[in-house]
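Hello,

Here is the structure we talked about handing over. Please open it first, then read the notes below.

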Amino acid sequence: AWAKVVPGSADAWSYVGVAYGIYLKQPDKAVAPMLQSLNLNPNQAPGWHALGVTYIQLKKNAEAVGAISKAIKLNPNQPTYYNNLAVAYSGMARWQDAYNALNDEKAVAEKLDNPVVWYNLGNGYAKLEQAAPAVVAYQRAVKLNPGWAQAWTNLGTMLQWGGNVQGAQQAYARGAQLGDPLAAQDNARLK
């Protein structure tokens, strides 16, 4: 509706696209307004990223790679962009490209040094079954936020997957102590 009132507004078209894609869960209807927004203002990194995520939802991963890559060119300091780029590459079974995207995200994580960024990076590596870099990322997350139960549990999972049973038990015990019931279950299975 707003786009009809202000048809030349990139923001209006962007809001319509986001409404369809996120709130109404109709990504197929989100693409056209997002593209219209980007035609009006091609220098909006969040817009390119949102379009890329919408393409991922539609399983159009090649298009997602293109859109998210444009977002990264406009704002290379947004770690979520790299993580979703890895998701798009994974959707095409381009595992090395996905891994490289996460390694690029790691450079941003080091600059930001935020536990959520490190945790999300660990999740990305875990999805690619890369235990060693996932462990490093989760270790940094729990160092920055030692009270984060789920980060301890995920650390335990990757330590276990990498063969470090003692380290996994310790991480699971900490996760359980902090209230994650999954950590207690995982720890019990190791004993």
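A cavity here is a set of grid points where a 1.4 Å probe fits but cannot get out. Its volume is the space filled by probe spheres set on those points. Please keep in mind that this is a predicted model.

First, the inside. The structure holds 1 cavity of 30 Å³ or more. The volume of the largest cavity is about 40 Å³. Which residues line the largest cavity? They are S14, M34, S37, L38, Q44, G47 and A50. Two elements, α3 (27-40) and α4 (45-57), each give two or more residues to this lining. Helix α3 supplies the largest share, 3 residues. By type, the lining has 3 nonpolar residues, 4 polar ones and no charged ones.

Next, the surface. I22, Y23 and L24 make a nonpolar patch of about 360 Å². Y23 belongs to helix α2, which covers residues 10-23. Is Y23 buried or exposed? Its relative accessibility is 65%, so Y23 counts as exposed; the cut-off for exposed is over 50%.

Last, L74. This residue sits in helix α5, residues 61-74. L74 counts as partly exposed because its relative accessibility is 37%. That value falls between the cut-offs, under 20% for buried and over 50% for exposed. L74 and W48 are 26 residues apart along the chain, and 9.2 Å separates their C-alpha atoms.

Over to you.

Best wishes

Notes:
Residues are numbered from 1 along each chain as its sequence is written. This is a predicted model: local features need pLDDT of at least 70, side-chain atom pairs count only at pLDDT 80 or more; totals for chains, interfaces and linings use all residues. Side-chain values use heavy atoms; hydrogens and water are left out. Patches are made of residues with over 30% relative accessible area and no salt bridge: like charges are joined within 9 Å, nonpolar side chains (Val, Leu, Ile, Met, Phe, Trp, Tyr) within 5 Å. Accessible areas come from the Shrake-Rupley method with a 1.4 Å probe; for residues, only the protein chains shown count as cover. A salt bridge is a side-chain nitrogen of Lys or Arg within 4 Å of a carboxyl oxygen of Asp or Glu. Helices (H or I, at least four residues) and strands (E, at least two) are DSSP runs, numbered from the N terminus. Buried means under 20% relative accessible area, exposed over 50%, partly exposed in between (1.4 Å probe, protein chains only). On a 1 Å grid over the protein atoms alone, a cavity is a set of points where a 1.4 Å probe fits but cannot get out, and a pocket is an open set with protein on both sides within 12 Å along at least five of seven lines; lining residues have an atom within 4 Å of a point. Ala, Val, Leu, Ile, Met, Phe, Trp, Tyr, Cys and Pro count as nonpolar, Asp, Glu, Lys and Arg as charged, and the others, Gly among them, as polar.
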